[in-house]
Amino acid sequence: MGDHNQIRVAPWFKIVYSLLVFIGSQVDGENIVEVNVTFITDAVAKGAVCLDGTPGAYYYYPGFDDGVDNWIFYLPGGAWCDTKEECIHRSKHQSSGSNKETPPKGFWPLMRPNKTLNPDFYNWNAVWIRYCDGASFMADVEAVDPETNLHLRGRRIFASVMEELISTKGMKNAVNAVLFGNSAGGLAAILNCDRFHSFLPDASRVKCISESGFFIRAKDLPGAQDTAIDYFSRTVEFHKLAEFLPKSCTQRLPPELCFFAENVVNDIQTPLFLLNSYFDRYQLSSLVAPNPPNEVGWYNCTHETLNLPNCTNNQEHLIRDFRTMFLKTLDGLDDNP
């Protein structure tokens, strides 16, 4: 993006950026520590549960030496469920809707206790929160539909993990803390950024990183349908997110528009770092649809990886126009420290 925008990036975040790029290009065969799951204490009684009512959970690896008071949290991706049927399917057939199966987790290089691969964070406390609510850790609906038994409680899972680590693992003494998320977890890192900071009022530095979580509406994208707003509108409505989205946004825009990062990041007070491809494969394949909708070969063109030889000229133009609109959307943002 350097050819388009001059973006000031702190040296500390340049290290993060380098590590994230390194993650995608290297496989570390040594010192991969598999971490066993920890279920939130009294999760069911607290209501901190997945879509299917199973307890919320996380993976925790303790920090050591001079990293004992530093923390890095990871929120994984997994899209969203936007209808009753989709959430039921997720709760029964996907790990992103249930904690019935919780195998040990091998952490990403950014969270591994390997000083060679991860020199900046190797001795930090590392926490991976399992994503099983289908709404980017934002919903907190008390009532449970007896017909579906769906629990919409991701927000409560997030809070319960924070409270548990503060009370039992010494996080109350945190000096540095980072909230890092990918895809739907990247959006969660944005939407929960200031809330994360509020749990650690005495920490010296609290920052958030969203990787592939900056989903744009692309309302006026030439030759495309306005499909992203439909998906996000259904998600916000089904999970009753209106009261939990940032008030600074919902006071001026409809709630569904406040599920788009472009409408909330200017109001975030905590330092936030965005890392995103402007040829975002998920957004192109799942949130953008050519007009007319039966455009032949769009799936083959965009799914799994952008495969330009399988794209028509019109489809390639649409992909390039998406890049232009992505950069235009970034141009509308204020600087963030």
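**Figure 1. Strand β4 and its side chains.**
From β4, Asn70, Ile72 and Tyr74 point one way while Trp71, Phe73 and Leu75 point the other, and all of these residues are buried. Buried means under 20% relative accessible area, exposed means over 50%, and partly exposed lies in between, with a 1.4 Å probe and protein chains only. Strands (E, at least two residues) and helices (H or I, at least four) are DSSP runs, numbered from the N terminus. Because 6 of the 6 residues of β4 are buried, the strand is largely enclosed by the rest of the structure. In a regular strand the side chains alternate between the two faces of the sheet.

The model is predicted: local features need pLDDT of at least 70, side-chain atom pairs count only at pLDDT 80 or more, and totals for chains, interfaces and linings use all residues. Residues are numbered from 1 along each chain as its sequence is written, and side-chain values use heavy atoms, with hydrogens and water left out.

**Figure 2. The partners of β4.**
Two strands pair if DSSP finds at least two bridges between them. Strand β4 (residues 70-75) runs parallel to β6, and 4 bridges join the two. Strand β4 also runs parallel to β7 (residues 176-182), here with 6 bridges. Tyr74 has Trp128 as its bridge partner in β6. Phe73 stands opposite Leu179 in β7. Strands of a sheet pair through backbone hydrogen bonds, either parallel or antiparallel.

**Figure 3. Strand β6 and its covered residues.**
Strand β6 spans residues 125-129 and is mostly covered, with 5 of its 5 residues buried. Asn125, Val127 and Ile129 point one way from β6, and Ala126 and Trp128 point the other way. Strand β3 (residues 57-61) runs antiparallel to β6, joined to it by 4 bridges. Tyr61 has Ala126 as its bridge partner in β6.

Contact means heavy atoms within 4.5 Å.

**Figure 4. The second largest pocket and its lining.**
The second largest pocket has a volume of about 230 Å³. A pocket is found on a 1 Å grid over the protein atoms alone, as an open set of points where a 1.4 Å probe fits, with protein on both sides within 12 Å along at least five of seven lines; lining residues have an atom within 4 Å of a point. Grid points are joined across faces, edges and corners, and the volume is the space filled by probe spheres set on the points. The lining consists of Arg217, Ala218, Lys219, Asp220, Leu257, Glu262, Asn263, Met325, Lys328 and Thr329. These residues divide into 3 nonpolar, 2 polar and 5 charged. Ala, Val, Leu, Ile, Met, Phe, Trp, Tyr, Cys and Pro count as nonpolar, Asp, Glu, Lys and Arg as charged, and the others, Gly among them, as polar.

**Figure 5. Three loop residues: Asp42, Ala218 and Asn263.**
Asp42 is in the loop between β2 and α2 (43-46). Its phi is positive, about 55 degrees, although Asp42 is not a glycine. At 54% relative accessibility, Asp42 counts as exposed. Ala218 is in the loop between β8 and β9 (224-225). Ala218 also has a positive phi of about 55 degrees without being a glycine, but Ala218 is buried, with a relative accessible area of 9%. Asn263 lies in the loop between α8 (247-250) and β10, and is buried at a relative accessible area of 19%. Leaving out residues up to four places away in sequence, Asn263 touches Cys249, Arg252, Leu253 and Leu257.
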